Amino acid sequence: MLRTLWCALAMAAVAAGSPAPGPAAGARLGFGEVSFPNSGSPAAQAPFLRGLAQLHDFEYFLAAKSFREAEAADGGFVMAYWGEAMTHSHPVWMEEDLEAGRGALAKLGPTREARLAKAPSEREKAYLQAVEVLFGDGAREARDAAYAGAMAELSRRFPDDPDAAAFYALALLGTCHAGRDIPVYMRAAAILEDVYRDHPNHPGVVHYLIHCYDDPVHSPLGLRLARVYGKIAPDAPHALHMTSHIFLAQGMWDETVAANEAAIGVFRRTPGDAGHHHAACGHAFTWLEYGYLEQGRAGAAKELLRACLEEARGADAYRRPDAKLGDPDDSSVAAFHYMRARYLIDTDNWTDEVAGWNLAAGDAAAARVGAAFIQGYIAVARGDREAARPALERLRQARKELDDLLRAERRANLSSARRSEILELELQALIQKSESDGTGAVTLLRRAAAIEEQLPFAFGPPLVEKPSHELLGEVLLDLGRPAEARGAFQAALERAPRRTAALAGLARAARRSGDEAAAARAGAELRAIWHGADPAMRSAVDSR
């Protein structure tokens, strides 16, 4: 009876954001409200529940520390080992550390049977069985599908368990290895919406719903969630950033910037062992730079880029084990190349000193593709045909190496491969246009746009540094075909709402087509977005 009372008091205190009573009190919880009846000792409750909330927030490093604290408090606490194992699976990011996950479970017992024998209740046994499937034998895709099935059964057996439903929905998202699968995402959303009514402050429910809705079509459904998630989990940098998934998909640039500034602010106040390895590059920084550029604040974006360059050049530059793929989140160097390309393309300023900021991409294949593309883009913009063709050849070589790497990693269906194909077509088109082959350039860009349309919506800034419909519109405008250009810019805005380069292009195309009303509407929207733009940017839009 006393043990039950202690557990209830600890869970209520943590869910309310207050320290648990007694000597086992944890830090004040700023990661969301969770309540999870379990068999752990009173001393293990606060760290376990803190870890559970952090797990839902994708603060995986902090969650692992919390779960290990719970293990230390109660060495036989099954769910603490379950939680630590879960921190090594990142479903939405399509990442896992299989050996680390298995290692966490092995601390509980040497075999699956030995571990399951320690689960004191059918519910805890079901959770443990599910994670055993997740880190069991077989290929990743098969294990993810089997895990989703196990979570479906767990959720069915325990319909009043919000965590079971939340983890089931997340498991469904984790089966989408080829990218966003709308029917699967909506199925997950339906599960979560049912739980949200009764648990509006649950970090996992709100977080995973945002992921379900963070594309241009569905993002209006997530706006109410984006408004509250940062308040639910104010100590979680990822939660503060996550709100911008909806804001960016809606083209709400002020909110996108505010969300990522807040995330970085908390990140910088977090102790150095919090698992956030970047000082000036990485996920929130790339999104913030994009938001600044969309606001017309090139100066602020440039300072972010300069800081990332310093980090990338440093001896302790961040690099994950799988950084060879070149994802900007995986290394400081890859982040710099992504941010540099974004800055040059979105400012359209090819004489800026940033054009001369070079850094070897090393073995980061996707980053080398992007670096070659932007060097070719710079050459074409400056009229340097001598440099453009060699850049195209470097891009082709880097693309081949990336494709080989993706096949070796069994990731041949990733959008990264199609991105490099699109960039090659775009650079080839720009070169042909510079050589007076406008017809050939348009043909290549239409091919690029068709490929991009086939790609599933990805959250965040455009996957392709220069969206292909947008570039097609600009080329058509240069060729004196404004009506066709207008259609291309409208298509670009469907995939990237309120993107300012596409809005500016639409205004020009509408004006040259004789539709002054449409031009005025696009121009007014652009001026509203650039209410705080740098003077040079503001002057440019006012002159249109």
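Reply: Helices (H or I, at least four residues) and strands (E, at least two) are DSSP runs, numbered from the N terminus. The model is predicted, so local features need pLDDT of at least 70 and side-chain atom pairs count only at pLDDT 80 or more, while totals for chains, interfaces and linings use all residues. Residues are numbered from 1 along each chain as its sequence is written, and side-chain values use heavy atoms, with hydrogens and water left out.

Me: Which helix gives the most to the lining of the largest cavity, and what makes a space a cavity?

Reply: H22 gives the most, with 3 residues. On a 1 Å grid over the protein atoms alone, a cavity is a set of points where a 1.4 Å probe fits but cannot get out, a pocket is an open set with protein on both sides within 12 Å along at least five of seven lines, and lining residues have an atom within 4 Å of a point. A volume is the space filled by probe spheres set on the points, which are joined across faces, edges and corners.

Me: How is the lining of the second largest cavity divided by class?

Reply: Ala, Val, Leu, Ile, Met, Phe, Trp, Tyr, Cys and Pro count as nonpolar, Asp, Glu, Lys and Arg as charged, and the others, Gly among them, as polar. By that rule, the lining has 11 nonpolar residues, 1 polar and no charged. The cavity has a volume of about 90 Å³.

Me: What is the volume of the second largest pocket, and which residues lie nearest its centre?

Reply: The volume is about 670 Å³. Of its 26 lining residues, Asp348, Trp350, Lys466, Glu474 and Arg508 lie nearest the centre. By class, the lining has 15 nonpolar, 2 polar and 9 charged residues.

Me: Why is Ala360 called exposed?

Reply: Exposed means over 50% relative accessible area, buried under 20%, and partly exposed in between (1.4 Å probe, protein chains only). Ala360 has a relative accessible area of 64%, and is therefore exposed. Ala360 lies in the loop between H17 and H18.

Me: Is Glu494 buried or exposed, and how do you know?

Reply: Glu494 has 59% relative accessibility, so Glu494 counts as exposed. This residue is found in helix H23 (residues 482-495).

Me: Why does His218 count as buried?

Reply: The relative accessibility of His218 is 14%, so His218 counts as buried. His218 sits in the loop between helix H11 (203-213) and helix H12 (219-232).

Me: What makes the pairing of His218 with Asp215 a polar contact?

Reply: A polar contact is a pair of N or O atoms within 3.5 Å; within protein, one must be able to donate a hydrogen and the other to accept it, and residues adjacent in sequence count only if both atoms are side-chain atoms. The side chains of His218 and Asp215 make such a contact at 2.9 Å.
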